[in-house]
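Hello,

Here is the structure I said I would pass on. My notes follow below it.

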Amino acid sequence: MKRESEEKPFSLPHHLLGSGTPACAGCGALVDIKIIYDILGENTVFVNAAGCMTLLSVYPYTPFPGSWIYTAMASAPAGAQGVRDGLDILLAQQRIKGGDDLQVVVLTGDGAAYGMGLSATSGAMERDLDFIYICYDNEGYGNTGYQFSAATPHGARTATSTGTRGYGGYKKDLFRIWQAHEPSYLATISGAEPADLARKITKIKDMGGPRMLIAHAPCPTGWHFDPSRTVEVGRLAVACGAWPLKEYEQGLLRHNKRPAPAGKRPPVEEYLRLQGRFNHLFTPRRNEELLAEIQGRVDRYWQAVEE
Amino acid sequence: MTRQRELLTGNGAAAWGARLAAVDYLPVFPITPQTEIIETIGRWIEQGEMAATMTTMDSEHSMFTAAGTAATCGVRVMTASSSQGLLYGLEMIYAVAGWRVPLVLVNVSRALSAPVTLEPDHNDVLACRDSGFLQLHCATCQEVLDTVLIAHRLAEDERVRLPVIVNLDGYYLSFTREPVLLPDLATVRQFLPAPAASPAMPLKAGNPLSQGVAVLGGSQYSYFRYESHLASCQALAVYEELGRDFGRLFGRSYQAVEEYLCADAEIVLVMIGSFATKAKAAVDLFRRAGLAVGLVRPRLLRPFPAAPLAAVLAGKKGVAVVDQNISVGQGGIIWAELAAALYNQPQRPAILASFIGGLGGRDISLADFTGIVREMERAIESGVCPAPRLLYSERELAQMHGLQDLASGGALKGEGK
């Protein structure tokens with residue numbers, strides 16, 4: 001402890017999640033997870049799907065003082081069901097004590113959440129499973145070298161969309177798909193907005209039922225920005241309106257930290273400019289048409305919110 | 001010990017196995033011909049006759065995942081599947097076996113698509129052959145019930161700690177009613193204690209546990225795979241021990257390999273599952289005709305009971321393996337495995353012939369068995385092993401040609417012949 005105080009000018013805030021994981025420098029998902037874990041505490045079992053975070057626990061190390069189960073890409077929510085049912089059986093039969101219970105948290109990337117994990121996720125919500133689901137959305141298959149996923153934004157260059165127009169598809173609206181299931185709670189979050197994130201996690205910590213979170217996860221290696229700028233990228237995504245922070249519960253949709261009105265908020269291109277995956281929109285010449293399309297989609301989203 | 005005799009289907013017997021085993025948890029998903037198992041258990045839970053939690057998942061992939069994570073928590077888990085469902089969840093079959101969690105999966109065998117069909121063969125369960133799951137194959141409804149009980153104890157044995165598949169044939173066993181003795185609960189509890197009051201390695205607060213973690217490098221990976229292999233090999237002796245223990249308590253003992261009139265047999269048929277009962281009936285007829293034919297039925301396929309099979313087949317003139325599966329491009333899977341088990345035996349049988357039959361529920365008739373025995377007699381006399389045979393009759397072929405004519409609207413009339 002003394003050592004720590006001596007080195008205080010350089011010491012980092014203490015997080016429950018251990019350091020030295022194999023995650024990339026500047027990983028936005030790790031920022032989200034650190035804050036969430038600090039609030040949920042170590043009596044948490046993470047049920048993980050194949051994705052970047054699979055490599056957090058590599059034998060014989062783990063950064064988690066609590067528990068961890070790696071399942072497969074498609075079935076982490078089903079793994080959570082088995083844990084919840086198993087713990088409930090043990091509790092009901094008094095084979096473990098009430099204090100032995102665990103918060104069950106699914107951790108998947110967008111590849112699993114937007115794609116092959118949808119069936120298992122839909123099933124978990126339909127059964128009103130008592131769990132938290134964190135989708136760290138880095139908008140592509142990050143762990144395999146950043147190919148496009150159903151979460152990739154229009155125009156982004158990925159390892160499988162290398163043309164001058166980038167990814168031709170549009171980011172799937174997972175929020176609305178999940179919302180249609182009427183879970184107990186549903187929100188988007190960002191590690192770059194820790195106060196909003198902390199408020200939401202604190203609110204749902206002791207809430208029952210499915211609590212669904214889609215976390216903005218800036219990815220230095222996939223999005224091509226310097227790892228020191230993760231928070232800046234995250235903040236700009238919210239400020240320009242590209243990553244709306246919102247929550248849905250009991251039939252009510254609320255936006256949190258709304259960006260300034262159109263014209264007064266930063267244009268989306270300020271957010272895009274920071275990322276190499278959008279370089280082709282600016283060089284060798286500006287792709288005015290595509291930039292206008294991207295800005296137009298963001299503006300229309302917020303216009304609809306205002307109405 | 002009170003005994004209650006019931007007329008049960010194979011599926012009903014599997015359900016009774018779960019009930020008597022005091023299974024805590026069943027993640028399920030319906031598939032023909034397994035559904036009667038989960039319907040029966042569901043009804044018992046509804047009516048308060050069975051205290052278990054049953055959760056219907058969105059798929060078999062999810063179902064096997066939930067089974068594995070619940071077993072990680074330390075509850076007693078059973079689930080059931082068939083065919084396409086088993087293969088849909090195959091990724092998790094390998095995964096949960098690697099987790100070394102005890103659970104029982106009842107598979108009601110059904111042939112695989114394409115073409116899609118409902119009746120049985122063993123390619124579904126054999127697709128799980130290399131996963132780490134143990135495999136126990138049943139021939140009668142009584143054996144299904146008893147094997148579910150044995151399987152739970154085998155899976156939970158600390159020398160094993162591997163999940164177990166209990167296999168029964170769809171339709172031929174799943175929907176066939178046979179008289180089954182229901183063991184009384186008190187004796188069952190002597191054989192298989194209630195689920196542990198305090199699980200050995202529970203997933204709970206204050207007891208952090210990491211399951212299914214990644215390894216980097218072949219050395220660590222090999223270590224864990226070898227460990228599973230050695231545990232599976234060890235399960236053979238454990239099974240034999242449990243089979244004897246079961247016999248002591250219930251009067252029905254089980255061995256890894258069932259022998260029927262083998263001691264003096266010159267020709268031995270090797271089969272698994274319910275179709276082996278057809279072979280048994282054929283053996284009775286051959287014996288009446290003075291032919292020295294016997295039957296060997298491995299109950300275990302994983303671990304493969306190589307030593308007991310080699311012992312019983314030592315010195316036999318001819319062994320005919322009737323595989324109810326086909327490894328396309330190779331042939332019969334059990335034939336190949338048995339050949340590997342016998343090759344280095346000094347007294348290995350002179351002739352080890354392969355016959356494939358019963359695919360997609362095709363009957364293996366007395367005529368088929370007679371043909372096999374005649375073939376074996378010729379082989380023994382000539383010393384030349386026949387090429388692998390695909391059982392099919394002239395009549396079936398003619399019928400098939402008729403269907404092809406229909407399917408082609410007559411356009412191909414005669415071409416297939």
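A residue counts as buried if 20 or more other C-beta atoms lie within 10 Å of its own, as exposed if 12 or fewer do, and as partly exposed in between, with C-beta atoms placed from the backbone. A:Lys34 has 18 other C-beta atoms within 10 Å, so A:Lys34 is partly exposed.

This is a predicted model, in which local features need pLDDT of at least 70 and side-chain atom pairs count only at pLDDT 80 or more, while totals for chains, interfaces and linings use all residues. Residues are numbered from 1 along each chain as its sequence is written, and chains are lettered from A and ligands numbered from 1 in the order in which they are written.

A:Lys34 belongs to helix α2 of chain A, residues 28-40 (helices, H or I, of at least four residues and strands, E, of at least two are DSSP runs numbered from the N terminus). A:Lys34 touches A:His15 and A:Leu17, leaving aside residues up to four places away in sequence; contact requires C-beta atoms, placed from the backbone, within 7 Å. From A:Lys34 to A:Arg176 there are 142 residues in sequence and 26 Å in space, C-alpha to C-alpha.

Now the two chains. Their contact takes 40 residues from chain A and 41 residues from chain B. On the chain A side, the elements giving two or more residues are β1 (44-48), β2 (67-70), α3 (76-92) and α5 (118-126). The largest share, ten residues, comes from α3(A).

β2(A) also pairs with strand β9 of chain B (residues 210-211), in the parallel sense over two bridges; pairing needs at least two DSSP bridges between the strands. There, A:Trp68 stands opposite B:Ser210 in β9(B).

Regards

How values were computed:
Two residues are in contact if their C-beta atoms, placed from the backbone, lie within 7 Å.
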